[in-house]
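Have a look at the fold before reading on.

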Amino acid sequence: MRLGELPTNHVHWRLKQHALHALCQGARDWTDITDADFHLDLRQKGVDMRLGIDIAALSFKQQVNQIILVSGDSDFVPAAKLARREGIDFILDPMWATIRPDLHEHIDGLRSVCPRPTPATP
């Protein structure tokens, strides 16, 4: 697991979808909005780069024989490609997300182990 940074300019309070929808439909008024209608939106920065460096270091030092990456981000194509060139078995768990063909091309296995989420009903 890798932690990134939380730059203060990437921390925002956002109106929850149901509250926004109710406002747009006229079912609620701005005076009815409460703190519970907002959620904190945090976006970490630098996680992909740190994970890529970890994958490269583990691969070059032959410290592992398999890497399991839980992500579907195609930014990891270079790291996956490097690991496989170094003889590392590279498995991807995108947690049921669709991955781009260029990422699929550079992995040895694809498996989602968590239960498939059920679609939300409106």
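The notes below go from the overall fold to a few individual residues.

## Overall fold

Keep in mind that this is a predicted model. The chain has four helices and five strands, and following the sequence you get the pattern β-α-β-α-β-α-β-α-β. With a radius of gyration of 20 Å, well over the 14 Å that the globule rule gives for 122 residues, the chain is more spread out than a compact globule. Its C-alpha trace spans about 60 × 35 × 20 Å along the principal axes.

## Packing and surface

How much of the chain is buried? Of the 122 residues, 28% count as buried. If you take contacts between residues at least 6 apart in sequence, 47% of them join residues at least 24 apart.

## Cysteines

You'll find zero disulfides here. Cys24 is exposed, at 61% relative accessible area, while Cys114 is partly exposed, at 29%.

Most residues other than glycine have a negative phi. Gln62 has a positive one, about 50 degrees, without being a glycine. Gln62 sits in the loop between helix H2 (47–60) and strand E3 (66–70) and is partly exposed, with a relative accessible area of 48%.

Met95 also has a positive phi, near 50 degrees. Look for Met95 in the loop that runs between strand E4 (89–93) and helix H4 (101–104).

Technical notes: Residues are numbered from 1 along each chain as its sequence is written. This is a predicted model: local features need pLDDT of at least 70, side-chain atom pairs count only at pLDDT 80 or more; totals for chains, interfaces and linings use all residues. Side-chain values use heavy atoms; hydrogens and water are left out. A disulfide is a pair of cysteine sulfur atoms within 2.5 Å. Buried means under 20% relative accessible area, exposed over 50%, partly exposed in between (1.4 Å probe, protein chains only). Helices (H or I, at least four residues) and strands (E, at least two) are DSSP runs, numbered from the N terminus. The radius of gyration is taken over C-alpha atoms; the globule rule is 2.2 Å times the number of residues to the power 0.38. Contact means heavy atoms within 4.5 Å.
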